[in-house]
Amino acid sequence: MADTSEACPHAGGAITFTLADADILGAPHDYYQRLRDDGPVHFDETLNCWLVSRHEDISEVLKDGVTFSQEMGWKTQFAQGYFDELKAILERDGGGYFPEVLLLDPPGHTRIRKLLNQALGARTVEMLRPRIERLIDDWVERIEGSQGVDAVSDFAIPLTIDIMCEQLGFPQAEAADKIQAWARAYIDQVGGMQSHEDMQANAALICDLQNFIIARVREREDGRREDMISDLIHAVLEDDDEASLTFEETVALTRGLLLAGNDTTAIAISNFMLLMATRPDLAEYVTSILDDNRAMNRFVEELLRLMPPVRGLFRVTMKEVELGGVTLPANAHICILFASANDDERVFSCPRDFDAGRENVNRHLAFGGGIHLCAGISLSRMEIKAVIQSVMTRLEKIELAVPVEELTYTPSMTSMALEALPLRFSKRA
Ligand code: HEM
């Protein structure tokens, strides 16, 4: 690990620190600021990629999904070094190799996204809302009598897994215990860190996941149900020769939804609990606006701006291109730091303050933007609001059960997830 004392972001001069440093990843805000001020498009030699840190430049990348390719980044990273072997295992034991469809570039992405939007639109959110609210209430009821919990492992993660099962129509009893391991095995394919042994263990888990999804898709081909897989199967485009998703695309999309919606939502819920435990003034404020839909919406947006679950994601340049005054060569790997954009003082005044009243509260990039804007945006906003309403109706005096300095984050370039969040609270009388 790099010596962060030497890498003090305020030291001036050349930028010498790397965002790969676990200490910096745990407390990155000063480093993001140094990058924005002195190297908004900066080559991180350790990560071997360009870090893009200003809101304006990240927005430019998001607007141009052709020059800044998501597909290329995924293709060069997926199962690095073991791709052929993994593919063969999936074809032999996992029902087939189902390439990603969400991470495509246009035009492939455009058709898939239109079909996906039908399955994740307002109709689905309204269909799922009562069931998800009930699940959330059940989980809060489960913890309200306890003296204390780890809000990550005893609440946010299992609650999100239950929500995911509900949305996708997965039987909880069969899937709930496995979802985390399935998701981790797939995400490991793009981390570039797995050994050959890891890959074989991960491949077995991905086969299990795919076989599970295939069975669910087949069930719904026989009869529509009230869930997202059914909505994907029945989504239709009127003006397209390939009007519906193929079986392979449906399996790949279901797998993609599970991965995209799981960690992100759990992190947002954990972050909300941390905010309540460390800011009693905000706990009091949000309790006073639980029935005010507009104020609640603003609160959720500001939570996501200040504490975005997705820290940054990767793209690859398809040609030489100028960005933020720097000429990037073709094939350059870049990391767009959503979390830094949300901190950018050029866009948000006093960015480290929680201010749900700020005029541009919606300009944050926690959900990305452009063609890959989060497809679950309405759903996740609804879920986070429902969690806030349930938690603040039933619990009070939420506080940390350990000193704040003891909280740690999982070292990751792409997400900022608390490892644990021990809390105490009282049941509201
Ligand atoms: C607080 C919760 C969430 C956050 C912060 C979040 C964040 C994001 C971000 C930043 C992206 C953009 C990826 C990129 O530009 O490369 C994204 C894409 C996506 N998200 Fe979410 N997400 C959340 C919840 C969900 C949920 C609940 C679902 C579905 C059940 C979902 C489904 C997706 C999908 C399918 C994409 C890919 C869209 C595309 O490439 O066209 N997300 N999300």
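What order do the strands take in the open sheet of three strands? The legend for View 1 has the reply. This is a predicted model, in which local features need pLDDT of at least 70 and side-chain atom pairs count only at pLDDT 80 or more, while totals for chains, interfaces and linings use all residues. Residues are numbered from 1 along each chain as its sequence is written.

**View 1. The open sheet of three strands goes 4-10-9, with antiparallel pairing.** Strands here are DSSP runs of E, at least two residues, and helices are runs of H or I, at least four, both numbered from the N terminus; two strands pair if DSSP finds at least two bridges between them. Strand 4 (148-150) and strand 9 (395-400) sit at the edges, each pairing on one side only. From one strand to the next, the twist averages 30°. Strand 9 is joined to strand 10 (residues 422-427) by four bridges, and Leu395 has Lys427 as its bridge partner in strand 10. Across strand 9 and strand 10 lies helix 13 (residues 247-278), at about 90° to strand 9 (axes are lines fitted to C-alpha atoms, for helices over the stretch in contact, with angles from 0 to 180 degrees between N-to-C directions).

**View 2. The open sheet of five strands has mixed pairing and runs 1-2-8-5-3.** Strand 1 (41-44) and strand 3 (68-69) each have a single partner strand, so one side of each is left without a neighbour in the sheet. Strand 3 meets strand 5 (residues 313-317) antiparallel, through two bridges; Ser69 pairs with Val316 there. Helix 3 (residues 55-63) packs on this sheet, and its direction makes about 115° with that of strand 2 (49-52).

**View 3. The largest nonpolar core has 120 residues.** Such a core is a set of buried Ala, Val, Leu, Ile, Met, Phe, Trp, Tyr and Cys residues joined through C-beta atoms within 7 Å, where buried takes 20 or more other C-beta atoms within 10 Å of a residue's own, placed from the backbone. Helix 13 gives the largest share, 16 residues. Val52 is among the residues with the most contacts inside the core.

**View 4. Around the ligand there are 24 residues.** Gly261, Thr264, Gly368, Cys374 and Gly376 come nearest. Helix 13 turns up again, giving the most to this shell with seven residues.

Key:
Contact = placed C-beta atoms within 7 Å. Buried ≥ 20, exposed ≤ 12 C-beta atoms within 10 Å, placed from the backbone. Near = placed C-beta within 6 Å.
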